[in-house]
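Trainee: Could you walk me through this structure step by step? I would like to learn how to read it.

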Amino acid sequence: MADELMLEIVTPEKMVFSDNIEEVTIPGTEGEFGVLRGHEAFLTSVDIGELNYIKDGKKTYYSVNTGYAEVTGSKVTILIETAERSDHIDKERAAKAKDNAESRLGQMTKEDVEYERMRAALTRAITRLSVAEKQ
Amino acid sequence: MASLKDIKRKVVGVAKTKQITRAMNMVAASKFKSAQLKMEDFRPYAGKFMDVLNSLALRVDTNTHPLLAVRDPKKIRVICMTSDRGLCGGFNTNLIKATDRFLKDKTAEGKDISLICVGRKGRDFYRKKANVIAQKVDILSKFDMTLSVAIADEVIPSFIKEEYDELYLIYNQFVNVSVQKPTVVRLFPLPSIGQDVDVDADKRLDYSYEPSEEVLLHKLLPMYVHVLVYRALLETSAGENGARMAAMDNATSNCEELISSLTLKMNKARQAAITAELMDIVGGTEALAKG
C-alpha cells in the first residue's frame with residue numbers, strides 16, 4: 001500500500017518488530033513526535049518513554065529505553081536498549097522497581113553518583129507501569 | 001603390580017570422572033547454543049547501529065569528540081576479558097599469554113599500564129602481578145547490555161579526564177566452536193569512523209538532526225563503545241562454552257581410554273590371581289598324593 005511505513009525496532013537482544021505500519025509515535029529527547037509515510041528524513045535520540053504504532057487501525061504500545069531513531073520517507077529504524085510490548089510487561093516487577101527506586105531516591109541527595117541512575121530507573125518503572133495499563 | 005582391589009577402585013573413580021565430564025560437555029553445549037543465539041540476535045542491532053553511526057560521521061567532523069582525541073600514549077589501560085570458570089582447555093591460558101606478551105611489549109616501551117579485568121580467571125592471574133584498577137567477576141553466566149554499559153561507564157569518564165591515554169581490549173575472538181583467537185583491539189582513541197565506508201545512496205539522504213549533529217554524535221559514540229564491548233562479551237561467552245565443550249569431549253574420550261586399559265589390567269590381574277590359586281591347589285593335592 002502506498003501510505004505504508006516500514007517500522008523496525010531493534011534492541012541488542014533481538015529484532016523486536018519489523019513490519020509495515022501506518023503511523024508511529026516516538027518519545028524523542030526533544031519531545032514526542034509522530035511519523036507518517038513521507039516524513040522528512042531525520043535522525044534523533046530517543047528517551048525513556050512510551051512508543052506506539054498504528055497497524056490496521058489498531059494501536060500497540062511499547063515501553064522503551066534510551067536509543068536512536070532514524071527516519072526516512074519510507075522507513076523508521078529505532079535502535080534502543082530495551083523495548084517491551086505493553087502486554088509483556090510484568091506489572092508487579094515494575095511496581096516493585098518503582099517502590100525501590102523511590103525509597104532509594106529518598107535517601108539520596110542530588111550529588112550522589114547513583115542519583116541520576118536511580119532517577120532514570122524510576123522514570124523507567126513509571127513508564128512501564130503506565131504503558132502496561134494500555135492494552 | 002597393583003592389587004586387583006586397587007585397580008577396581010581406580011576404574012570406578014575414572015568412570016565417575018567420565019560421568020562428570022560428559023555432563024559438563026552437555027551443559028556447555030546447551031550454554032553454547034544460547035550464547036550463539038544471543039550473538040545472532042545482536043547482529044541486526046550492531047549492523048543498524050553502524051549504519052546510523054557511519055551516516056552521521058559522514059556529516060560531522062568527528063575529530064572533535066574527546067573520545068577520538070589522540071594523545072601521546074604514556075599511560076595505557078587494558079581490558080583483559082577472560083571467562084569466570086576454568087575447565088575450558090586453553091581458552092584462558094591463551095588469552096593470558098597474549099595479554100602478557102602485549103603488556104611486556106608496552107612495558108618495554110616504558111608505558112605506564114593499568115588493567116581492568118573482566119572475568120574471574122584473568123583477575124586471579126593478574127591480581128598480584130599487575131596494577132588491576134577495576135574488575136568485573138562472576139558476571140559472564142548471565143549478562144546483558146547493562147554490563148557493557150557498566151564497563152563503558154568505568155572507562156569513558158577517566159579517558160576524557162586524561163587519566164590514561166590509550167585503551168585496549170583483549171578478548172578471545174570467536175572463530176568457531178573449537179577455535180578462539182586472542183585479539184587486541186584499540187578502543188580509545190576510537191579509530192576514526194565513517195571512513196572507507198561505502199555508503200549506499202539511501203544513506204546519503206539529507207537528514208535533519210534533532211538535536212544537532214554534534215550533540216547526537218556525542219551521545220552515539222559512548223553507545224558505540226557499548227556495542228564493541230557487548231560484542232566482545234558475547235564472543236567470550238560463546239568461545240568459553242565452545243572451548244569447554246571441546247575440552248570436556250576430549251576428557252570424556254580420555255576417560256574411556258583409561259577405563260578400557262585399566263579394565264584390561266584388572267582382568268589380567270584377576271586371571272593371574274586365579275592361576276596362582278589353581279597352582280596352589282594343584283601343588284597341594286600333588287603333595288598329599290605323594291604323602
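**Reading the model together**

Mentor: Chain B averages a pLDDT of 88, and 93% of its residues score at least 70; pLDDT is the predictor's confidence in each residue, from 0 to 100. This is a predicted model, where local features need pLDDT of at least 70, side-chain atom pairs count only at pLDDT 80 or more, and totals for chains, interfaces and linings use all residues. Residues are numbered from 1 along each chain as its sequence is written, while chains are lettered from A and ligands numbered from 1 in the order in which they are written.

Trainee: Which element of chain B has the lowest mean pLDDT?

Mentor: Elements here are DSSP runs numbered from the N terminus: helices (H or I, at least four residues) and strands (E, at least two). Where pLDDT is low, the predicted coordinates should not be read in detail. In chain B, helix H2 (residues 91-108) has the highest mean, 94, and the lowest, 77, belongs to S6(B).

Trainee: What is the order of the elements in chain A?

Mentor: Chain A has two helices and 10 strands. From the N terminus on, its elements run β-β-β-β-β-β-β-β-β-β-α-α.

Trainee: How far apart do the C-alpha centres of domain 1 and domain 2 of chain A lie?

Mentor: Chain A is divided into domain 1 (5-86) and domain 2 (90-133), with bounds from an automatic or database domain assignment. Their contact takes nine residues from domain 1 of chain A and eight from domain 2 of chain A, where two residues are in contact if their C-beta atoms, placed from the backbone, lie within 7 Å. The C-alpha centres of these two domains lie apart by 24 Å.

Trainee: Which element gives the largest share of the side of chain A that touches chain B?

Mentor: The contact takes 20 residues from chain A and 21 residues from chain B. On the chain A side, strand S5 (42-46), strand S8 (67-71) and strand S9 (75-80) are the elements that give two or more residues. The largest share, four residues, comes from S5(A).

Trainee: Which residues touch the most other members of the largest nonpolar core?

Mentor: A nonpolar core is a set of buried Ala, Val, Leu, Ile, Met, Phe, Trp, Tyr and Cys residues joined through C-beta atoms within 7 Å. A residue is buried if 20 or more other C-beta atoms lie within 10 Å of its own, exposed if 12 or fewer, and partly exposed in between, with C-beta atoms placed from the backbone. Of the 90 residues in the largest core, those touching the most other members are A:Ile78 and B:Cys80.

Trainee: Which element gives the most to this core?

Mentor: Domain 1 (5-86) and domain 2 (90-133) of chain A both give residues to this core, so it lies between them. The most, 18 residues, comes from helix H5 (residues 213-290) of chain B.

Trainee: What is the bridge partner of B:Tyr168 in S5(B)?

Mentor: Five bridges join strand S1 (residues 75-81) of chain B to strand S4 (residues 166-176) of chain B, and these run parallel. S4(B) also pairs with strand S5 (residues 179-188) of chain B, in the antiparallel sense over nine bridges, and a hairpin of two residues joins S4(B) to S5(B). In S5(B), the bridge partner of B:Tyr168 is B:Arg186.

Trainee: Where is B:Pro189 found?

Mentor: The peptide bond from B:Phe188 to B:Pro189 is cis, with omega near -10 degrees. Most residues other than glycine have a negative phi, and most peptide bonds are trans. B:Pro189 is found in the loop between S5 and S6 of chain B.

Trainee: Is A:Asp56 buried or exposed?

Mentor: A:Asp56 is found in the loop between S6 and S7 of chain A. A:Asp56 has a positive phi of about 50 degrees although it is not a glycine. Because it has 7 C-beta neighbours inside 10 Å, A:Asp56 counts as exposed.

Methods. Pairing = 2+ DSSP bridges.
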